[in-house]
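This report describes selected features of one protein chain. The sequence and the structure come first, followed by notes on particular residues and elements.

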Amino acid sequence: MVFLEYPRCATCRKAKKWLDARQKVYTDRHIVQENPTVEELKEWQQKSGLPLKKFFNTSGQLYKQMNLKEKLAGMNEDEQLELLASNGMLVKRPLVLYGNIVLTGFKEEEWEEKLK
């Protein structure tokens, strides 16, 4: 299991506590220092079956500063992937990769069900 996080993110800390309490073994990855690549993002999106928009940190300051709510609609998927890969602060976190499971954000019920 790989746990992508931004250590100062409160939701990431909460998710990490949740994993630790359940004694889940994971590799920690700093989402800004080791930003996901276009190839990784493409693979994760395909595995998850989620729309690419779900991989954007829509509540983040950078997302808002860049006015991405309006801009994303006019971008194709390749442009969106390039944008996501350009800065880890744009990527929804935490992000968990476990086999064919890809989880974006921390929703306790979903994690409980998928990470049994």
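## Nonpolar cores

The largest nonpolar core has 23 residues, and those touching the most other members are W44, F55, F56, L68, L84 and L95. Helix α2, helix α5 and strand β3 (95–98) each supply at least two residues of this core. The largest share comes from α5, with 4 residues. The model is a predicted one.

Leaving out residues up to four places away in sequence, L84 touches N35, L41, L52, F55, F56, L90 and V91. Another core lies apart from the largest one; this other core has 11 residues, including M1, L19, Y26 and L115.

In soluble globular proteins, nonpolar side chains tend to be buried together.

## Packing of α2 and α5

Two packed helices are described by the angle between their axes and the distance between the axes. Helix α2 spans residues 38–48 and helix α5 spans residues 77–86; the angle between them is about 120°, and their axes are 9 Å apart. The crossing of α2 past α5 is right-handed.

On the α2 side, the residues in contact are V38, L41, K42 and Q45; on the α5 side they are E77, D78, L81, E82, L84 and A85. By class, this contact of α2 with α5 has 5 nonpolar, 4 charged and 1 polar residues.

## A buried asparagine

N57 sits in the loop between α2 and α3 (61–65). Is N57 buried or exposed? N57 counts as buried because its relative accessibility is 8%, under the 20% limit.

A polar atom of the N57 side chain lies 3.5 Å from the backbone oxygen of M89. Not counting residues up to four places away in sequence, N57 touches Y63, M89, L90, V91, K92 and R93.

## Backbone features in loops

The peptide bond from R93 to P94 is cis, with omega near -5°. P94 is in the loop between α5 and β3. R93 is also one of the residues that N57 touches.

Which residues other than glycine have a positive phi? Among them are Q23, with phi near 55°, and N67, with phi near 55°. Q23 is in the loop between α1 (10–21) and β2 (27–30), while N67 lies in the loop between α3 and α4 (68–71). Q23 is exposed, with a relative accessible area of 72%, whereas N67 counts as partly exposed at 38% relative accessibility.

Methods. Residues are numbered from 1 along each chain as its sequence is written. This is a predicted model: local features need pLDDT of at least 70, side-chain atom pairs count only at pLDDT 80 or more; totals for chains, interfaces and linings use all residues. Side-chain values use heavy atoms; hydrogens and water are left out. Axes are lines fitted to C-alpha atoms, for helices over the stretch in contact, and angles run from 0 to 180 degrees between N-to-C directions. A crossing is left-handed if the near helix is turned anticlockwise from the far one by less than a right angle, and right-handed if clockwise. Contact means heavy atoms within 4.5 Å. Ala, Val, Leu, Ile, Met, Phe, Trp, Tyr, Cys and Pro count as nonpolar, Asp, Glu, Lys and Arg as charged, and the others, Gly among them, as polar. Buried means under 20% relative accessible area, exposed over 50%, partly exposed in between (1.4 Å probe, protein chains only). A polar contact is a pair of N or O atoms within 3.5 Å; within protein, one must be able to donate a hydrogen and the other to accept it, and residues adjacent in sequence count only if both atoms are side-chain atoms. A nonpolar core is a set of buried Ala, Val, Leu, Ile, Met, Phe, Trp, Tyr and Cys residues joined through side-chain atoms within 4.5 Å.
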